[in-house]
Amino acid sequence: MNLHDWIDELSDVLDVDTEVDEGLVLDLARTAAQNVQKTAAPITAYLLGWAAGAGDADPEAIEKLAARAQLLAESWDRPADAPDPDDVDDEVPDDSSVDHSSDLYED
């Protein structure tokens, strides 16, 4: 069985009547995995499919959606192994011994 057979069989099982540009989806997934993190690949592909289905997109519109997602993944500024900044508990330095009574603050 090859990828085309899998796509045909899966489409039947999911009752989906569509053509899939697997090269487009795989390229986008690869870029997301390399530039964001590995687990971004299937989520990115899923969200592309969701957006395409929600907008009843034709192949040209799907290519435009994929290009926008590809651009975002390519410009992602965090390395693939960097933790999500929202999940990082930054250590707060203890400056309780510092006298701040003469510090000037702007309003």
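Select helix 2 and helix 4 to begin: their axes come within 9 Å and cross at roughly 15°. Helix 2 is therefore roughly parallel to helix 4 (angles under 35 degrees count as roughly parallel, over 145 as roughly antiparallel, 65 to 115 as roughly perpendicular and the rest as oblique). Axes here are lines fitted to C-alpha atoms, for helices over the stretch in contact, and angles run from 0 to 180 degrees between N-to-C directions. Helices are DSSP runs of H or I with at least four residues, strands are E runs of at least two, and both are numbered from the N terminus.

The model is predicted: local features need pLDDT of at least 70, side-chain atom pairs count only at pLDDT 80 or more, and totals for chains, interfaces and linings use all residues. Residues are numbered from 1 along each chain as its sequence is written, and side-chain values use heavy atoms, with hydrogens and water left out.

Stay on this pair and look at the crossing, which is left-handed (the near helix is turned anticlockwise from the far one by less than a right angle; clockwise is right-handed). Show side chains next: Leu24, Asp27, Leu28, Thr31, Ala32 and Asn35 of helix 2 meet Ile62, Glu63, Ala66, Ala69, Gln70, Ala73 and Glu74 of helix 4, contact being heavy atoms within 4.5 Å. By class, seven of these residues are nonpolar, three polar and three charged (Ala, Val, Leu, Ile, Met, Phe, Trp, Tyr, Cys and Pro count as nonpolar, Asp, Glu, Lys and Arg as charged, and the others, Gly among them, as polar).

Now select residues 22-35, helix 2, together with helix 3: the two pack at about 135° with axes 7 Å apart. Helix 2 is therefore oblique to helix 3, and the crossing is right-handed. On the helix 2 side are Val25, Leu28, Ala29, Ala32 and Ala33, meeting Ala40, Ala41, Thr44, Ala45 and Leu48 of helix 3. This contact has nine nonpolar residues, one polar and no charged.

Move on to residues 40-54 (helix 3) and 59-74 (helix 4), whose axes come within 10 Å and cross at roughly 140°. This pair is therefore oblique as well, with a right-handed crossing. Leu48, Ala51 and Ala52 in helix 3 meet Ile62, Leu65 and Ala66 in helix 4; the contact residues are six nonpolar, no polar and no charged.

Finally, show the whole chain.
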